[in-house]
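Please read them with the structure open.

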Amino acid sequence: MEKNLAEHSGSFARKADDDAGNVTYSPVPESDNKVDAKMDTDDTEETTNSDNVVGENEPKKNEEKEEGEEEKKENEEEAVEAQPESPPPNLEKVSEEIDQFLVTLENSNNSKGKTTLEIPKFLVAFLDLLEQKITKYDSGEAKWADSLEEDSLFLEAVNRVSNLMKHFTEYYNSHREEEQEDQENVKGKTEFMLNGLCAIQQRAMSFLEEDFRSIIEESRNPNKSDPKGKQPVAEGSESETPTETAMDFPGFGEETVTNLRKIAREMIAGGYDSECYQVYAVSRRHAFEDGLYRVLGYEKLSIDEVQRMPWETLEREIPTWINTWKECLAVWFPGERRLAEEVFTTEADAAAASLYGNLLGNVSIQLVNFAESVALTKRAGEKLFKLLDMFETLRDAVPSMENLFPEDVAWEVKTETTSAKCRLGEAAVLIFCDLENSIKSETGKTPVAGGAVHPLTRYIMNYLRLACEYKDTLEEVFKEHSKMERADSTSRPRYEGEENKNKIEAQKDNVSPFAAQLMRVMELLDSNLEGKAKLYKEVALSCIFMMNNGRYIVQKIKGSAEIYEVMGETWCRKRSTELRTYHKNYQVEAWSKILSFLSPKGLTENGKVQKPVLKERFKSFNAAFEEIHKTQSAWVVSDEQLQSELRVSISALVIPAYRSFLGRFSQYLDPGRQTEKYIKYQAEDVETYIDELFDGNPHGRR
Amino acid sequence: MPATTESNQGSFLGRISIRRNQVMSMDGSHDQELEDLELFQKHVGDRFSELPADDLLSIAWLRRLLDEFLCCEAEFKAVVLMGRDPSHLAKPPLDRLLPDLLDRVVKSLDVCNAVTLGLDALKNLQRLAEIAVVALHHSPLGDGQVRRAKKALAALLAAMLHEDATAKATERSRSFGRRQGTATAKASPRSFSCTMARNWSASKQIHAMLSNLAAPRGNESSGLAQPVYVMGSVLVFVMWALVAAVPCQERNGLGTHFPLPRQVGWAQPMVSLQEKIAEEWKKKEKKGTVGLLDEIQRMEKLGHSLVEFADSFQFPAEADRLEEVKKQVQELSDICTRMQDGLEPLQLQIREVFHRIVRSRNEFLVVLDQAGKLSTPPL
């Protein structure tokens, strides 16, 4: 833009007659004069020295062609001419001159044409002063952040260098093609000047880069992170030791951020943006990874390691992972984003976005990988709940991602998260479906003593009750999964056999895939139990077994609102009906024979009671009752309600019959010994004995 | 995972599976099966022999390699898995070979992740090279820009040298001193990107993938054991090539090639590629290198040359020398462009491989599961 930036100096020196410049440079000579005047007072040998210093620092300069040397001589001459005596040069003052110089360069912006460039002497002084400053910083004589004033003075100086660079480069480029003889010299001068500027800029930038790096890295030490931002990077702030909690992540004080921002701005303005971004990206990546491990306790595990880990160990890693993931989404990611936006605020949004976007994207995918690797582990029933925890964590994370990442990264992370979520969901579905296998493979042939609740029933029902605490998630997982199955049934083998699928499809529309699977598990459990019931020799006992297990199942289902909701009222009612049927069957099987002894039928012949038959009846009853008491008191009904229901119903069945039998026929026995022999039990005794049934411990005879 | 590839692949598999189903329903399906197996092997051979020889281990070549791998994988699944009675896969020796293969698959996932991280590190090298390019493009080329370029290139070369140094060592050395000497030595590829889990080693991983990988003998060699072996070899070869090309955590002793049957048609192209790569590796191994990736190798050479130029630079530069350097800078810039255009897609592709083999593994597991269920005696 500032094509003519240098014309004033040109006019002053050699091209005063150049008409093109004339219009614009009315202010220029003034400023030059001023500068000269100042030079006269401020700069003495220093200027010369400075020139020499520059020369020394860039030894190659000495090999310069004539123009360079000429220029130098000229400068020296001028400087010497202008030197009476000298207070030491001052960066601030020279800076003012530079600023004016820059302003005039800007002003001459719009005038076009041939112009020439004169390099003012104070420029050399300025560079020299700046160089001294860098040397001070570099040697440690001056420390960054010791004096804000000094720092900003330095940054401003760097900014001036960048501006000068820009103008000179433009001038150089626009005049490169010009072949005018009298400009040769100027061109050489410009090149020479540019080289000096560029060298000092590089030194300054190199220093700033290091400075930027150390500021940003020192915050990695938690002892030095200062949430209040009072002493951003000062050493020796160990006195206060704020523990780096997640809440103040990334833990930079306000002043540190300001500091970083200022440095970043100058680096970017000077065209050293890549260096700045690079340092930032690498440092932050390390800080972030360190933090995950140090603060959140999250340690990276390879997929292979996860596969080989015992579940008890892996299980403990999962809550840490969940916590890390949640912390990242809630605090760390937004914090990291904020930091990038604050440090690179004025510059390019795109740059900040790509910086934090890359970092956060990488960290997210690394975290997602853990979920993938857990989903890959061998399936086992006990893993279901942790897998569902992870599934929920990922699921809940997806909606917030839009706001955390730049668009492209958000898309990638979302896709990866969704994919890992799917894998976890698949694994969960498979594990849940494995319940079928664990039921089917339970083929033990030993009946449970006393017809008690089978361990399989307990296991399955308790598992289901736990699973149903995740009911909504399971519903979701199953729904997604059945969708997937339908979507690509050609390439994806089914998780259930054909018959099962038909069954599911046959279900009414309002039955969710999860409910269908749950039903299926219940059905399988039922038919398994029915098979096991057949292992008992006594039908009555198998009825007790079915009642016990059925009762257990119904109680568990009623005890959990979630399963109850899935299985539905109808199902429960049906189960209760079935239980009543078993109850009836039991009564018939266990008691019909004994009741037949109490029947008046066949006792009388032609209206006369047959005494021997009556005696036989009493004997049979006694024997049968004793037998029943003996066996059935060893049977087990642990559910109190069921136990009392059974006893009550037995009593209701037996006692009235017995009582009336006694009432009607006891008179036919001779009182005394005969009565004692045949009537062993009073009705009350029978009741007592009935109350001893199903206790699970054989009483024997009293 | 990416929707497009997914659907492409679906339709491709769909087609194959339709063909299979038709075949299965016809008579003489056994002969057809033998033919299928032979075709599969032939295709594998063809795919690897069609890989361009001239830009071995370039980004473009790796992308091609992964494409071929994905095709092999899809075809393998079509031949072995689809439309097949699950019980076929549960019979010996497949009941042993398939789980072995699935194990290898899981192990290769870590390699995928490590390579992705390695590519991240390369992106950082690319950025350093870009700094040098920008600096050296300046005109007039001055001391400052040359120094700037040199600093970036020195960091680049140092990073390349640090390749297999442990992450820990560089970690420690970074935390000291703000302005101790030059900043350049502090950077290494390890410090550029996330690392894998502690103690993870690409070399160990590849060796673990190789265990139990043996050609089927006798009767087995005519059955499904053969494609399972072929696929295992392809998987290991591809992962090995990736590790060779891209910086990966700990990969000592991988330069030697692993056994592949030399006489067999399908393996020959792989064997010859393997030999070429191993040879390259041997050459570079002593020097320590950041990976055999063609672009990086070139970058390294140019880096050295440009650093040399920077060391002897005097302002103003001689026109001849400048011309020469300009060419090199242009070349470096071209490499950067290629990396800029290629690394990201390569990473995505590796991720695709990751997801694909995870899915396939699941499919195999489900089928094996079904076979297991079927073999469970009914109550």
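Predicted model: local features only at pLDDT ≥ 70, side-chain atom pairs only at ≥ 80, totals over all residues.

1. Chain A has 27 helices and 2 strands. Of its 702 residues, 43% are buried. Take the contacts in chain A between residues at least 6 apart in sequence: 79% of them join residues at least 24 apart.

2. Helix 11 of chain A. Does the geometry agree or disagree with what the residue count of helix 11 should give? The helix runs over residues 273-294, which is 22 residues. At 1.5 Å a residue, the span should be 32 Å. The end C-alpha atoms are 31 Å apart, so the two values agree. Helix 11 of chain A is also mostly covered, with 17 of its 22 residues buried.

3. Helix 9 of chain B. This helix covers residues 202-210, and its buried residues are B:Ala202, B:Gln205, B:Ile206 and B:Met209. Seen down the helix axis, they fall within an arc of 95°, so they line one face. The spacing follows a general rule: an α-helix has 3.6 residues a turn, so residues three or four places apart point the same way.

4. What covers that face. The cover over the buried residues of helix 9 of chain B includes elements from both chains. Chain A supplies helix 12 (303-308). From chain B come helix 5 (94-137) and helix 10 (225-245). Just after helix 9 of chain B, B:Asn212 has a positive phi of about 65°.

5. Domains of chain A. The domain assignment lists domain 1 (7-218), domain 2 (259-432), domain 3 (452-585) and domain 4 (598-690). Where domain 2 touches domain 3, each gives 12 residues to the contact. On the domain 2 side, the elements giving two or more residues are helix 15 (384-397) and helix 17 (407-440) of chain A. Helix 17 gives the most, 6 residues. By class, this side has 8 nonpolar, 2 polar and 2 charged residues.

6. A:Leu394. This residue belongs to helix 15 of chain A. Is A:Leu394 buried or exposed? A residue needs 20 or more C-beta neighbours within 10 Å to be buried. A:Leu394 has 23 inside that distance, so it counts as buried. Leaving aside neighbours within four places in sequence, A:Leu394 is in contact with A:Ala371, A:Thr417, A:Ala420 and A:Lys421. A:Ala371 is 23 residues away along the chain, and the two C-alpha atoms are separated by 8.8 Å.

7. The largest nonpolar core. It has 270 residues. B:Ala132 and B:Val243 have the most contacts inside it. Helix 5 of chain B is the element that gives the most to this core, with 23 residues. Beyond its neighbours within four places in sequence, B:Ala132 is in contact with B:Ala149, B:Ala152, B:Leu153, B:Leu306 and B:Leu332.

8. B:Leu343. This leucine lies in helix 13 (residues 319-375) of chain B. With 19 other C-beta atoms within 10 Å, B:Leu343 is partly exposed. The cut-off for buried is 20 or more, so the label follows from that count. Setting aside neighbours within four places in sequence, its contacts are B:Ile59, B:Leu119, B:Leu122 and B:Lys123. B:Ile59 is 284 residues away along the chain, yet the C-alpha atoms of B:Leu343 and B:Ile59 are separated by 7.2 Å.

Notes:
Residues numbered from 1 in each chain as written. Chains lettered and ligands numbered in written order. Helix = DSSP H or I, 4+ residues; strand = E, 2+ residues; numbered from the N terminus. Expected span 1.5 Å × (residues − 1). Buried ≥ 20, exposed ≤ 12 C-beta atoms within 10 Å, placed from the backbone. Arc of directions from axis to C-beta. Contact = placed C-beta atoms within 7 Å. Domains from an automatic or database assignment. Nonpolar A, V, L, I, M, F, W, Y, C, P; charged D, E, K, R; others polar. Core = buried A, V, L, I, M, F, W, Y, C linked by C-beta atoms within 7 Å.
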